[in-house]
Amino acid sequence: MMRKRNSVLILGIASIIILTSVQVIIVGGIWKQKNEMFGLRYTMRSQEALYFINRRLGSDGFDTVRYVLSKYSDQAARELSDAKDSAALYNKKQEILKYFTIALDKEQDLSAMLAAYFERRRWDKNFVHSIVINDLEFIASDTIPVIHRRTGPAIPGNEARGRTGLSEVNGSKILVNWFSMEDNNYRLRFEYFIDFSDKQQYILRESAATLLLSIFSIIVVVTIFIITYRNLMEEKRLSNLKTDFINNMTHELKTPLSTITVAGKTLEMPLIRSNDEKIVETARLIGKQSVHLNQLINMILEISMWERTQFELEKKNVDIEELMDDIVGSFRTGGGNNAQIIKKYDLKGIKAELDVVYFTTMLNNLLSNAVKYSDKQPVIEVEGFRSEEGIFIKVNDNGIGINKNDQKHIFDKFYRAHTGNIHKFKGLGLGLYYVKKIAEAHGGDVSVNSKPGKGSTFTINIPY
Ligand code: ADP
């Protein structure tokens, strides 16, 4: 059972992990695909916009930049060729690169043009641009490379401005185009990117259905697993209870049996046979133990009978107070002869439809538990009253009490609270189970209120 439980646990957890990983991979794939789709869509849209800007406005969006740079490049070219040593040359190159970078970024008009175009088409226009310079050379007395990045094609000599068809998606950024520019002093090639700040939300919205379905399927599987595992635990608990029951039963049966065996052996002894009084005493003992044994066997037979059949009550209209007087009276002379039983019920003249035999069993079980689970002189109060909700019968004792956890289970079949040595209090864990069944068969219920060390109160409620 233990091994079965562990393998179910391992299998369950493994399948949940596999399922979750598969879902993560699927959702990840869909996310990537949507991301690429988004990139491609805006690549195409920006190509369309560039074409429009070129054709209609006759611009590539960098006219101002071109003007600013041509004014600056004369002096820059001169200073580059005048550089005294390599350190000065290096510093100058950095300065030029910085100037070009800032000029491209600040003076370009392409972003505004693209945004206007996107807006007109009701497309997303919440993008930020970025520009990466790939090549920059100065043509002074000699060609002086300022920067050369090994990406894309070399500086195109006769390429048209704003050449299209070279766009690609670079990470989250979308490459709109390569641009090249040149005048007498320099040749420049750079890339212009756009990036959408609300792209993630957009993709999230698009993949929401898949994401929700994934989460839902994981929740379903986890729930099924938890329910199955719980059932298995419950099965295990019941099987433990059954084992306990068999142990208790064996213990219960052995006691009278061994007494009978010993008594039989005693009768064989010549000394005893000559003593009539002893023979009678031993025979009585055997008789008493046989009755007890018979009761136990009947109980076992009853268990299966109770299991199989639904309760068929033979209800009679009885005077409850009289019935309770009978039960308490015979209990006093029987099992409860060392207990002090205080009658506190007031049900005079109240008649109810009850099965006398089952009702007696129910009350007897409560009374005998009150005596059994007691570590001092038992004082039992039997209350009874009628209210709007029906008839209430309470059996209150000053016994050992029941802790909170056991209270949840004591009405279960075969359940016995493990109070230290379980055999100190004999029993099979069925008394309260029957009490509950009988109360329910009468349309009522039973409940417990108890504090360990203080005593317990069992309340039976039967609708009237
Ligand atoms: P059994 O007495 O055969 O064990 P029951 O179904 O009558 O079975 O009771 C179940 C468990 O509830 C007992 O093992 C005992 O621990 C606890 N119990 C029942 N009645 C009392 C009581 N009056 N006081 C303390 N514990 C009780």
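Helix H3 (residues 86-107) has 22 residues, which at 1.5 Å a residue should span 32 Å, and its end C-alpha atoms are 31 Å apart, in agreement. The expected span is 1.5 Å times one less than the number of residues. Helices (H or I, at least four residues) and strands (E, at least two) are DSSP runs, numbered from the N terminus. This is a predicted model: local features need pLDDT of at least 70, side-chain atom pairs count only at pLDDT 80 or more, and totals for chains, interfaces and linings use all residues. Residues are numbered from 1 along each chain as its sequence is written, and side-chain values use heavy atoms, with hydrogens and water left out.

**Helix H3**

- Lys92, Lys93, Ile96, Leu97, Phe100, Ala103 and Leu104 are the buried residues of H3 (buried is under 20% relative accessible area, exposed over 50%, partly exposed in between; 1.4 Å probe, protein chains only).

**Helices H9 and H10**

- The axes of H9 and H10 (residues 356-372) come within 10 Å and cross at roughly 45°; axes are lines fitted to C-alpha atoms, for helices over the stretch in contact, and angles run from 0 to 180 degrees between N-to-C directions.
- H9 is therefore oblique to H10 (under 35 degrees is roughly parallel, over 145 roughly antiparallel, 65 to 115 roughly perpendicular, the rest oblique).
- Leu323, Met324, Ile327 and Phe331 of H9 make the contact, with H10 residues including Phe359, Leu363 and Leu367.
- Gly334 is in the loop between H9 (320-333) and strand E7 (340-345), and its relative accessible area of 31% makes Gly334 partly exposed.
- Gly334 and Ser368 are 34 residues apart along the chain, with their C-alpha atoms separated by 9.9 Å.

**Positive phi**

- Most residues other than glycine have a negative phi.
- Arg122, not a glycine, has a positive phi of about 60°; Arg122 is in the loop between helix H4 (110-120) and E1 and is exposed, at 78% relative accessibility.
- Phe414, also not a glycine, has a positive phi of about 70°; Phe414 is in the loop between helix H11 (404-407) and H12 and is buried, at 8% relative accessibility.
- Gly443, which follows H12, has a positive phi near 85°.

Technical notes
Contact means heavy atoms within 4.5 Å.
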